[in-house]
Amino acid sequence: MERGRLIVEKVEGRSTLTRCFSKYPMKFIVPKKVGSSQTDVVWIYTITYGGGIVSGDSIAFDVTVADTCIAVLTTQSSTKVYKSIAAKCSQQLLEASIGRDALLVVIPDPVTCFSTARYSQTQNFTLATDSSLLLVDWITSGRHERGEKWAFSYYKSTNRILLQDGEPVFLDTTLIEQATHGTISDRMKDYQALAMIVLLGPKLQQIQKQTEEDVKKIMSQQFHFPSNSSSKPNMKPNFIASCSRFGPKGMGVVVRVASMTTEAIYSFLQHQLASMEELLGAPPYH
Amino acid sequence: MILGTCLSFQDVLDSIILSIFAITVKFGKDSDWPCIRMSLWLNMEGLGDVNDANARCLSARFPQLWSQWQLLDSILPTGGFAHSFGLEAAMQAHLVTTTDDLETYVIHVLENAGSLLLPFICAITASPDAQTWRRLDRLLNAMLTNEVSRKASTAQGSALMRVAASVFSEIPCLKTMRGEALSSGEFYFHHAPVFGLVCGLLGFDAETTQRAYMFVTMRDIMSAATRLNLVGPLGAAVLQHQVASVAESLSTKWMNRGVDEACQTCPLLDTVQGCHNYLFSRLFCS
């Protein structure tokens with residue numbers, strides 16, 4: 001089965017989308033100009049017909065970012081996954097290869113699974129020497145204003161980052177499903193959104209350091225000054241984040257976030273990724 | 001006289017014993033088969049009294065039991081007492097405050113250990129050799145993206161390998177494998193593969209080993225909870241027994257899967273455990 005295809009390569013010295021093929025129900029929108037003419041970047045919005053992923057949909061596409069190019073993959077709004085019919089699972093697969101000294105930025109809005117939805121996504125990234133990758137992968141509890149909190153049946157997200165010879169640098173599969181021992185809601189306590197941010201490669205070194213410092217500062221305040229019982233009852237923090245280094249020579253940083261509101265994560269992303277504006281022409285999540 | 005004039009009493013006894021052996025072969029474990037075959041041979045050759053052979057055969061299994069008990073005893077100096085599986089961070093974040101919270105927490109940690117680590121145990125117990133160990137050790141290193149749990153795993157695995165090489169001297173390849181791994185510098189000594197390797201070389205079957213791993217995880221969290229004053233020693237023992245049936249069903253649910261299916265099922269836990277290094281005062285390493 002033919003898959004969607006995106007190729008970004010240098011044409012006359014500028015990052016250019018030379019191939020853009022999408023398969024129903026996915027569509028790509030490529031704005032002609034983002035940021036000033038100085039910035040060398042291609043922005044690609046992924047859209048689904050009908051505004052969401054319907055039960056049983058299967059979406060797959062490949063992305064190639066050639067040497068020294070910069071490409072951004074993003075969405076127009078949160079990816080909605082509608083309820084599952086006849087226990088069918090919807091799937092999304094992205095295979096990306098990032099060239100030498102190139103940068104791929106994946107900054108979608110969160111996935112929102114409706115009640116009883118079943119969804120599985122896989123994103124594989126192959127790196128070359130000095131490749132950089134910024135990956136945001138996040139999920140909300142559902143349509144929580146409607147009272148749907150962690151009401152979906154099955155969510156699985158796999159992210160793999162491999163070197164060119166196939167050696168794995170980062171492998172993560174998160175599986176959230178209604179289980180026999182407690183519902184998903186029990187497991188998540190009162191947190192309504194979870195996020196994972198991966199920062200890897202030479203172009204992101206400064207943001208890596210800054211983010212590690214910022215997260216340490218925010219969380220240390222949380223733990224160093226616990227509320228004492230005389231003032232207010234011990235309360236869970238509204239926002240929890242932790243940073244870890246990974247990979248050979250600690251080349252990558254992964255930030256994991258749990259928040260009681262989606263807005264707090266948008267704020268965090270806006271703040272931490274603000275300095276990307278220089279490379280990308282526009283700040284992510286503004 | 002009961003069964004006909006051609007059969008002697010010895011023949012009748014033999015056929016009864018053979019039937020018992022046949023039944024044992026049908027329902028017994030694989031590891032009993034060599035003992036049974038030996039007993040059958042001894043009996044047919046008339047070289048030994050059947051009862052003696054039977055007793056010798058059963059006695060051959062007992063040393064294995066003593067090794068098993070020693071491996072699962074918390075007194076084995078593997079440094080497991082230094083790790084709280086994120087419990088200390090969870091308590092300081094007020095996610096765990098009562099013994100009910102603790103019970104839920106233990107179940108979530110066990111589910112995560114099952115989904116992420118049992119596939120590794122299963123794979124290495126089946127082929128406890130250096131090549132498999134290297135592959136699984138490196139794969140797990142890429143999957144343990146949480147720096148806190150990754151370091152804890154390496155510390156515990158190294159300690160277990162050192163202890164096992166000294167204690168189980170009847171298996172010299174433990175010492176040689178450890179020596180070669182150390183000099184190559186390519187091994188991380190992650191806990192789950194080392195545990196599976198040691199058990200595999202000691203002759204334990206995959207199911208027992210996987211169950212045992214869940215047991216030692218539960219044992220260590222309970223010990224940490226006691227030292228964190230969340231529960232008293234007797235309360236911890238009662239709780240451990242209460243959770244045992246859940247631990248068993250989680251073991252059966254997650255055992256015998258391939259490593260490509262390994263996943264984490266409690267992202268909130270992962271996020272909170274990653275905060276361990278932000279704690280102001282801590283008792284544990286992780």
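Which strand of chain A gives the largest share of the lining of the largest pocket? That share, four residues, comes from strand 12 of chain A, where strands (E, at least two residues) and helices (H or I, at least four) are DSSP runs numbered from the N terminus. The structure is a predicted model, in which local features need pLDDT of at least 70, side-chain atom pairs count only at pLDDT 80 or more, and totals for chains, interfaces and linings use all residues. Residues are numbered from 1 along each chain as its sequence is written, chains are lettered from A and ligands numbered from 1 in the order in which they are written, and side-chain values use heavy atoms, with hydrogens and water left out.

The mean pLDDT of chain A (the predictor's confidence in each residue, from 0 to 100) is 92, and 97% of the residues score at least 70. In residues 228–232 of chain A the pLDDT falls below 50, and this stretch has one contact in the model beyond near neighbours in sequence, a contact being heavy atoms within 4.5 Å.

The largest pocket holds about 460 Å³ of space. On a 1 Å grid over the protein atoms alone, a pocket is an open set of points where a 1.4 Å probe fits, with protein on both sides within 12 Å along at least five of seven lines; lining residues have an atom within 4 Å of a point. The volume is the space filled by probe spheres set on the points, which are joined across faces, edges and corners. Of the 30 lining residues, A:Thr46, A:Thr75, A:Thr79, A:Gln92 and A:Pro108 lie nearest the centre. Elements giving two or more residues to this lining include strand 4 (42–48), strand 9 (90–98) and strand 13 (132–140) of chain A.

The largest nonpolar core comprises 166 residues, and B:Leu87 and B:Trp133 have the most contacts inside it. Such a core is a set of buried Ala, Val, Leu, Ile, Met, Phe, Trp, Tyr and Cys residues joined through side-chain atoms within 4.5 Å. Helix 5 (residues 99–126) of chain B gives the most to this core, with 13 residues. Among the residues that B:Leu87 touches, not counting those up to four places away in sequence, are B:Val96, B:Tyr105 and B:Ile221.

The peptide bond from A:Tyr24 to A:Pro25 is cis, with omega near 5°. A:Pro25 is placed in the loop between strand 2 (14–21) and strand 3 (26–29) of chain A. A:Thr116, although not a glycine, has a positive phi of about 65°. With a relative accessible area of 36%, A:Thr116 is partly exposed (buried is under 20%, exposed over 50%, partly exposed in between; 1.4 Å probe, protein chains only).
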